[in-house]
Amino acid sequence: MLTALLIGFPLLGALIVFFVKGNAARNFALGLSVLEFVLSLVAFAMYKNNPACTQLSFNHTWVQSLGINFSVGLNGISLLLVLLTTFLVPLIILSSYKNEYENPSSFYGLILIMQMALVGVFAANDGFLFYVFWELALIPIYFICLLWGGEGRSRITFKFFVYTLAGSLFMLVGLIYVYNHTNVEGLKSWAVQDMYNAGKSLTADQQGVVFWLIFIAFAVKMPVFPFHTWQPDTYVNAPTQGTMLLSGIMLKMGTFGVMKWLLPIVPLGLERWGNTAICISVIGVVYASCIAIVQKDFKRLIAYSSIAHVGLISAGIFSTTQQGLQGAVMQMLAHGVNVVGLFLIADILLRHTGTREIDKLGGIRGMNGNFAVLFLIVLLGSVALPLTNGFVGEFLLINGLYQYSAIAAAFAGLSVILGAVYMLRSYQGIMLGERKDNHLTFGSLAATDKAVLIIICSVIIAFGVYPKPLNEMAEEGVKILLSNIK
Amino acid sequence: MIKLIALVPLFPLIGFLINGFFGKKLNKSVSGVIAAGSILASFVVAVAAFVELQGCEQKSHIINLFSWIKSGTLQIPFEFLFDPLSSLFLLIITGIGFLIHVYSIGYMHDDEGFSRFFTYLNLFVFFMLLLVLGNNYLIMFVGWEGVGLCSYLLIGFWFKNTAYNNAARKAFVINRIGDLGFLLGIILIFITFGSISFDNVFAKAGTVSTSVITSIALLLFIGAMGKSAQVPLYTWLPDAMAGPTPVSALIHAATMVTAGVYMVVRSNIFYSISDVASEVVALTGIITALFAATIGLLQNDIKKILAYSTVSQLGFMFLGLGVGAYSSSVFHVTTHAFFKALLFLGAGSVIHAMGGEQDIRKMGGLKGHIKITFITMLLGTIAISGIPPFSGFFSKDEILAHVYEHSKLLWVLGMVTSMLTAFYMFRMLFGTFYGKFRGTNSQEHHLHESPSSMTIPLIVLAALSVLGGVLGLPEFWHLPNWMHHNLEPVIMRPDPSILPHDTEWLLMGLAVASAAAVIFLAHRMYRTYNVLPVEREEDLKPVAKVIYNKYYVDEFFDKTIRKPLDLLGQIFHKFFDIAMIDGIVNGVGKAVTGVGSVVRLAQQGNIGFYVISMVVGVVCIIVFTFLIK
């Protein structure tokens, strides 16, 4: 029941916010999203107490003749991702306080609808329901990017929409194909466990086809090389909060999808194609890192670094080792938090100086030392320095990948070096040295920006030093997942 | 006290937090006292624990703090190991660290970033202590990368200077190259042994095939090459001299750069098993030692001379490790920490007196003006040159004796290196303190001895440099070699061979005679004939020019790695990403639009199009039917 509430509450919140006029909308949105976070903490505590508790699952018949149920539930991995979502949404809303958006009630309402869809994607235990939430998530973000985005947004947003939608349609075909092979006492079923059984009953060739049908949708969403070209433009053009939603949470739909809706359905397909998937993921890591090095716009640089990070996550998932999968979960959490921090920093730079061009900035360290320290901490989380949240995931990922292939691990591990290259280079260009433009000033941070950055930095260090609460849950979740794949 | 060993890293952490959060509001002297006091507290605890360990039967103590990372069979507790090796490093780090903190209070007194400096410095000590205290490779790695971060922050301490920032970034990136090797090594250890805790791993090391052990040892050694500045990953260390001088003394001479030695000694069982890995270590060591020593001959910046000397001495330590002389190398780490910290701090005092000047061509005749600095630096120079009974003589001699057993050729090269060392060190000493003053009048007027917060650490370190040899007196003199006995429990497979006594005497005599001869030569050159360092680069002879420019290694890496990497990024971006992949994606989009515009005709009631398509259709059907039949 609580899970259904976690999905329904943001929708209710969105309806309220739609009818609130002016800037009060954002206060409502913030308050409601904080409540949602508290709810998810309750769910977290309940699960910790008793992983088998029934309050976290909910099942209601929807379309009986087609075997569709409104069936949702949370366990280790999905609960962590819901927690990430509910943690980030209030921060994303808070980070928007210095941006004056037109028509705020629609803007914040759409963010809450987005949250509903995201929680739904993570919680769905029914294939059809999963697909519905999956597509539903695209609608609010489409409008957020289209209506509040930057220059050239209509073309870019259109491309993003068509690209991801096309990918999703392949997935729909794949899921229906599997659904058609389900057989529960003569009836068909969308239930996740039945889908697993049906998928495993397919021949290796069939599984291979289904693998690609479903994987393409996830590959586009993450995105992994070479399905990524919609991403940089979309990230750069979207309003900051849209970019945060896309990179912080939405891309986890892809990686999560692979874990829950791909690997356990087609284990033989994985056996045949997993190698290819790891290859393109690992190529993407180095490829995107190299491109990030030459970027001039800091926001675009983060966009490419995100492709590199997600490539490593994807490679770890396809290694299907305990460490690789667990590292993927931990890195999804860490990346979500860190990338929101980085995009906020890009936004702060733009608001304070009017530019994000690395070459035009410089010398900000001398004008605002606190900002420099917060920026540095986020950066260290992003390059996975030990005792930051990024390290736990990265170490486990490379570890898992090494068990699959030492060469792949060494190659993907180059991101350890390349990440330091592009991150430190941009930090130096933006923050250090003398200012290149004498008119450049950088005053103190707005209270809301400061609050968000401090929260993010605290999380980066806290879960780098003591990852146990999250890590334990990820470990259990991955064990269950692995037992489903075998 | 051993049970409370976690206090040792805790104090600097507290100091870091206080200065980090409230440093700007604190009075400078309060800030400095907190920073230095926290290290002193650590030192006291470390000494107490050290004494306790000496009286203890059990030589290795594990102190568990909490469970850090767990994933299936991979279990990584946050755990400390207190044993003879870590206890010795704790004393070096906190002891010398404390002296350098005290020195810094004087040295950094007028700097506006005073409290920021101590924030970083305390954080550095914290990570360095984690590095040597960890009971598994990942905790070591935490410290390892942590000190790298602090090194980055401190090299670029004066963040407005672009050259300094570049040096800082270079240090971090090159270290990360090594770190990747280290990380992969740790993972291979886990895959091989199912654990990364030292006790579990070392106990099983003998049961695994030698080729796997070799891979592990070599991967770990890549990490050591980065951190301890071995060829080819050494180029960051000379540039790192951009940081304030106390940083060079603490991080880039006495402690952090010896982390690689610590790691190899800690993992000595791997290197004892794998001859290949040991050969690689020894060869890398001697190449680095020789290479850096030649560069040191022609440097004119007093800190750069010391930096190349450090690289060279580190190479010497790895040479020792490669021939299995683990405890001798640790001994050399210890004495080197004494005299190199002394030399750097002395150089800092010289620079202080000269108002920021670092070029020895602009110095000369300082011995009358800054007497304490001069005398202490003289002692340090004698110590590093290997003149008995100063500390450097004993540690260097021990390594050379082991090298001689192993390979005569390496011994000859080692001897050449130590002769070069004595030469460039006395060149520096004569250039700085003897002859006529070559600076400006205002500089000469400004010359003064440093405050006592700076000279007292110099005096203490000088005493240690002179007397440090007692820690490892030669066994063939029938004297107790404390260092050797202390480390016995840590060295799993000690090298049993012993040289005949007369050979040892002969080697020792040769070493002393050659050092004395070289010093005499340097004296003739720089004192009797007053040869001055060449003023302009153009006047150098071709070979000298190559050496002066550090064999163009930086330029080589710039051309072969940095530039191609940028180019690769541009190609990936402009050609692959925008033109090719996105081109295909957009092409698909256009194709769909194109097909759509053709198909659209079918829906628009255009009679002409209908007629044509009908005719074409009928023709196609007829042709098709015939073809099939």
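## Exercises on chain A and a helix pair

Chain A has 19 helices and 2 strands (DSSP runs numbered from the N terminus: helices are H or I of at least four residues, strands are E of at least two). This is a predicted model: local features need pLDDT of at least 70, side-chain atom pairs count only at pLDDT 80 or more, and totals for chains, interfaces and linings use all residues. Residues are numbered from 1 along each chain as its sequence is written, with chains lettered from A and ligands numbered from 1 in the order in which they are written.

**Exercise 1.** Compare the radius of gyration of chain A with that of a compact globule.

*Solution.* 
- Take the rule, over C-alpha atoms: 2.2 Å times the number of residues to the power 0.38.
- Along the principal axes, the C-alpha box is roughly 75 × 55 × 45 Å.

**Exercise 2.** Describe how helix 17 of chain A crosses helix 6 of chain B.

*Solution.* 
- Locate the pair: residues 406-431 of chain A and residues 162-193 of chain B.
- Their axes come within 10 Å and cross at roughly 165° (axes are lines fitted to C-alpha atoms over the stretch in contact; angles run from 0 to 180 degrees between N-to-C directions).
- Helix 17 of chain A is therefore roughly antiparallel to helix 6 of chain B (over 145 degrees).
- The crossing is right-handed (the near helix is turned clockwise from the far one by less than a right angle).

Notes:
Parallel < 35°, antiparallel > 145°, perpendicular 65-115°, else oblique.
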